[in-house]
Amino acid sequence: MNGLEFPPVLFFLLGAALLPILPASWRAGACVLFPALAFAHISMLPEGAELRISFLSYELLLLRETGMGKVFGIAFTLVASVAGVYAWHMRELKQQLAAMLYAGGALGVVFAGDFFTVLVFWELMAVASAFLVWAGGTREAGMAGFRYLIFHLLGGSLLLAGIVMEFYATGDLTVRAFSEDVSAGKILILLGALVNAGMPGLHAWLPDSYPKSTVTGSIFLNAFTTKTAVYMLAVCFPGWEVLVVCGLIMALYAVSYAVMANDIRLILAYHIISQVGYMVAAIGIGGEFALNAAAAHAYNNILYKTLMFMGAGAVLFMVNETRLTHLGGLARRMPWVVVLYLVGAAAISGFPLFNGFVSKSMVMEAVYGRELAYYLLALASVGTFLSVGIKLPYYTWFYRNTQREPETTRRAPGNMVLAMGILAVVCVAYGVYPYLQYAQLPYPEDFFAYRTGLVVKALQLPLGTFVVFWFVRHKILGEAKIVLDTDWLYRTPAPGVGMVVLGGVNRFFSACEAGLDRLISRIVPLFRNPLRTLRINRNSGEYFHPEADRFPLGTSVGLTLLVIVVVVFASL
Amino acid sequence: MDPWVHLAVAVLLPPFFGALVAVLFPARRTNLPWIAAVVSCGLAFFASVAGLIYAVTEGTVHYHLGGWEPPMGIELVMDPLSAFFCAVIAGVASFVFIHGKTVVERETPEKVIPFYSTALLLIGGLLGIILTGDLFNLYVFLEISSLAGYALVAIGDKRAPVSAFRYLILGTIGASFYLLGVAFLFMETGSLNMRDVAEIIPIAGDSPATVAGLILIVFGIGLKMALFPMHGWLSDAYTHATSTSTAIIAPIGTKVAAYVLLRTCFYMFDPEYVRNEIPLTTIIGFLGAAGIIWGSVLAIAQRDLKRMLAYSSISQVGYIALGVGLASPYGMIGAVLHTLNHAVMKACLFLVNTNILERFRHTHIPRFDRTYRIRMPWTMAAFTVSAISMIGLPPTAGFFSKWYLVLGSWERSNYLFLAVIVISSLLNIVYFFRVLEKVYLRTDGEPYDDRNEQEDLALKREEARGSMLFPVLFLAVGLLVIGLANAFIVTTFIRPMIPDGL
């Protein structure tokens with residue numbers, strides 16, 4: 001007991017309560033300060049700290065320090081604080097509030113000891129993050145935000161239903177590792193978590209909404225929702241074999257889409273799913289080493305993915321454009337952003353000396369021995385490097401776009417570069433000296449990543465990819481100086497298996513999406529006037545009208561009599 | 001005799017005295033009618049809270065009016081259930097009256113005195129229904145409150161008299177059925193006192209007349225409660241009545257009928273009997289479930305805020321009926337808690353509706369836009385809190401009553417009810433978020449830039465006056481407080497209500 005036994009989410013709730021009354025110029029500082037305080041608090045939290053309160057007839061565990069929760073908590077608060085620096089120039093209270101509550105919700109989940117608390121923060125996260133999507137301000141962002149919210153409320157409902165069923169089956173509300181005997185409740189909880197993790201089939205909200213948020217909004221969005229889902233999976237479902245399959249599907253499916261995407265934030269959004277796939281696969285393997293690998297990869301992913309989103313955000317901020325076909329040649333105008341982005345890209349591609357290398361090697365080591373899984377993950381990392389390591393930076397910053405030279409509208413403010421710098425330093429530090437990170441992992445770890453075999457493996461795949469790309473690049477540029485068939489360029493180097501995967505799956509999901517859109521556009525008019533839809537009133541118009549759609553008095557009287565007569569006869 | 005037992009009558013008297021005081025001194029320039037209304041409802045509220053605490057700690061109060069012993073005389077019964085309902089009704093009514101100060105003067109300038117007088121008669125009648133322990137006396141109070149209700153609806157816009165007429169026809173039919181049911185029970189048991197009847201029925205046995213009597217009472221009252229499909233009177237009456245009339249009638253009128261339902265089904269009859277012998281509660285539950293969906297679907301179709309809220313009331317009453325239908329402790333807790341929650345949030349929403357009407361002169365949802373949140377930030381914030389509570393997101397009050405209903409449905413393995421509760425939450429999201437979307441989101445397709453910011457800065461805050469804002473905010477904060485304190489409310493007040501056989 002050292003008086004620190006309270007949930008760190010309180011800092012965020014306090015921050016959210018104070019933000020509206022603080023002067024506008026102090027708010028940016030508060031957005032850095034409160035996450036930083038929470039960071040310090042989590043670092044000092046004694047092992048196994050708990051806070052129990054009784055609520056209704058249940059005992060709630062508002063705080064339960066587990067090794068796993070602490071890793072995520074540290075990563076969340078670190079990145080929230082740096083994101084505060086990145087958003088220093090932004091003065092919109094709504095976004096600041098939403099980001100504060102959103103980060104708080106994520107933190108609440110990872111420190112919650114019982115499912116009820118998890119659910120409350122889970123929903124808080126859903127609602128707060130929807131506001132970040134809406135903050136995009138465009139009509140598309142508004143619609144996407146709605147789809148996003150509905151998706152997450154659905155996921156939350158699945159979770160709720162699962163929790164209720166599990167609670168009735170066992171009478172136990174604590175968050176715990178489930179044994180692998182399948183029950184409906186566990187399946188629903190798993191599905192609820194997979195919605196947030198972005199499991200293909202349940203993932204549509206992610207690439208739909210993240211690219212439509214604001215410059216700063218997407219920084220927050222990328223870090224929290226999927227990673228809390230990873231946390232839930234790691235805590236509740238370690239060693240569930242089905243997760244290995246899920247993870248592989250996620251890693252490959254999303255990377256194939258990323259290779260084809262044109263919008264830089266969309267590419268990054270797909271990569272979130274792909275990277276989460278690695279973590280999910282490692283969780284499916286189970287065991288201390290694999291869970292450590294998943295946690296380390298999640299931590300690192302939060303760092304470098306945020307870094308890359310910050311780079312994309314800086315581009316959007318400067319030229320108000322994120323389509324690759326409309327970008328190019330910006331390197332000279334934002335040299336620091338390019339360099340720092342490339343640090344993130346090297347980390348995600350798993351280059352030695354960057355943090356991604358260490359955790360990715362750990363994940364690969366964990367799946368080692370399962371041939372298919374191992375090679376499929378290796379394949380996914382080729383796609384990763386191709387899309388975010390080469391394609392994205394090349395067409396954004398280096399390629400000379402002769403058709404549409406992007407126009408710079410303003411300079412990226414220094415605080416953005418500073419925030420990226422902080423993350424880049426951490427990425428490199430964890431890569432060069434991984435023991436810094438090992439100390440925070442839930443289980444003791446002594447993995448030595450810089451073995452010749454691993455380093456060679458880590459280098460040969462990206463280098464091979466790069467060579468192919470370089471060769472193709474010359475061919476393309478040599479032949480098509482005027483008209484660049486970018487489409488061709490994206491698709492040809494895509495891994496063959498990716499193409500096979502894409503063929504059917506792509507058609508299936510686009511058919512589903514189109515079907516859903518059609519369904520919605522059919523359903524909405526039905527609700528304009530239910531009386532007309534149900535053919536109750538033949539004279540109704542398209543919209544409900546109180547005069548035309550009023551029932552005659554006799555109908556009400558008749559219905560009343562009918563009910564009474566029927567009930568009397570039924571019960572006598 | 002313990003002087004505290006007089007609390008039972010102390011709840012009932014202030015509204016009736018207030019109604020007299022409001023008429024006796026027709027001083028045009030003073031606020032006397034308003035003061036009489038607020039003070040008498042406040043007194044009734046304090047008396048019922050004190051009575052609630054007394055009933056929970058010391059036991060049920062049986063107060064014999066005029067010293068006449070029942071079953072000949074009339075008794076008032078103050079147990080946790082009746083005291084709780086009295087507190088809800090008097091409390092919500094006080095806030096609505098505070099809010100109504102300027103609204104009534106503006107909307108019906110020449111009818112201020114009759115308005116407060118009839119409104120107090122309505123409150124008095126409703127409190128009487130709750131407190132009385134006599135079946136026929138309940139009918140008398142039912143008529144007092146109903147006649148006052150018809151009159152209140154009739155003091156509305158130019159369509160109000162027709163709506164009031166429909167309300168009167170249907171309400172009278174409901175009351176007649178109730179009276180018929182009471183007559184049947186009286187024939188079988190020879191008593192009108194509820195406790196007496198409850199003791200005689202098991203001895204007299206299960207005769208068709210008893211069953212018919214119970215069913216007539218339940219559905220006669222069901223009509224007053226707007227139980228689907230007998231809700232035909234509700235939407236027009238609520239829409240065309242004046243703002244304050246609606247805010248008085250809507251949150252509390254249907255709740256009192258729900259109370260009578262609870263009282264007859266679970267206290268006067270054996271819950272086991274009502275649940276299993278005749279499937280009465282099951283039927284009520286299914287009608288409630290149908291009403292939840294039907295009310296929500298029609299609420300989505302509405303484009304006028306006030307009418308939307310009226311249809312939403314049909315749906316919300318369905319939750320209470322669903323709780324009754326479960327006929328289990330969780331169902332009962334859910335129903336009673338939802339009565340409190342819905343009274344508070346519906347009052348808050350109708351008051352917000354009034355504030356919007358005062359400021360913008362309309363409540364047509366398609367015309368709402370984002371300037372509303374800048375011009376009336378607090379009102380819109382209160383709307384948001386109540387909307388979230390209606391949808392049932394934690395930690396607002398609405399979540400917890402639905403939670404108990406979900407638990408109850410699960411316990412009874414009634415997955416249909418479970419599905420209805422979940423689907424209706426989604427439908428609630430649809431009809432509230434389309435308002436929130438217009439007010440809080442920019443849907444004009446333009447990104448938010450300096451120009452929009454300039455426009456927004458040019459808008460002045462035109463929040464409603466204090467007397468209209470305070471009750472709205474108080475009720476909205478109340479929703480959060482009730483939500484957080486729900487464990488306390490349930491264990492202290494609602495658990496003791498649950499009758500033995502349930």
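1. Of the 502 residues of chain B, 61% count as buried (20 or more other C-beta atoms within 10 Å of the residue's own, with C-beta atoms placed from the backbone). The model is predicted: local features need pLDDT of at least 70 and side-chain atom pairs count only at pLDDT 80 or more, while totals for chains, interfaces and linings use all residues. Residues are numbered from 1 along each chain as its sequence is written, and chains are lettered from A and ligands numbered from 1 in the order in which they are written.

2. Chain B has 21 helices and two strands; these are DSSP runs numbered from the N terminus, helices being H or I of at least four residues and strands E of at least two. Taking contacts in chain B between residues at least 6 apart in sequence, 79% join residues at least 24 apart, a contact being two C-beta atoms, placed from the backbone, within 7 Å.

3. Contacts between the chains involve 34 residues of chain A and 41 residues of chain B. On the chain A side, two or more residues each come from helix 5 (115-134), helix 6 (139-170), helix 20 (496-528) and helix 22 (553-571). Helix 22 of chain A gives the largest share, 11 residues.

4. By class, that side of chain A has 21 nonpolar, nine polar and four charged residues. Nonpolar covers Ala, Val, Leu, Ile, Met, Phe, Trp, Tyr, Cys and Pro; charged covers Asp, Glu, Lys and Arg; the others, Gly among them, are polar.

5. A:Ala345 lies in helix 13 (residues 335-349) of chain A. A:Ala345 is buried because 24 other C-beta atoms lie within 10 Å. Beyond its neighbours within four places in sequence, A:Ala345 is in contact with A:Met308, A:Val388, A:Gly389 and A:Pro393. A:Tyr304 is 41 residues from A:Ala345 in sequence, with 7.6 Å between their C-alpha atoms.

How values were computed. A residue is buried if 20 or more other C-beta atoms lie within 10 Å of its own, exposed if 12 or fewer, and partly exposed in between; C-beta atoms are placed from the backbone.
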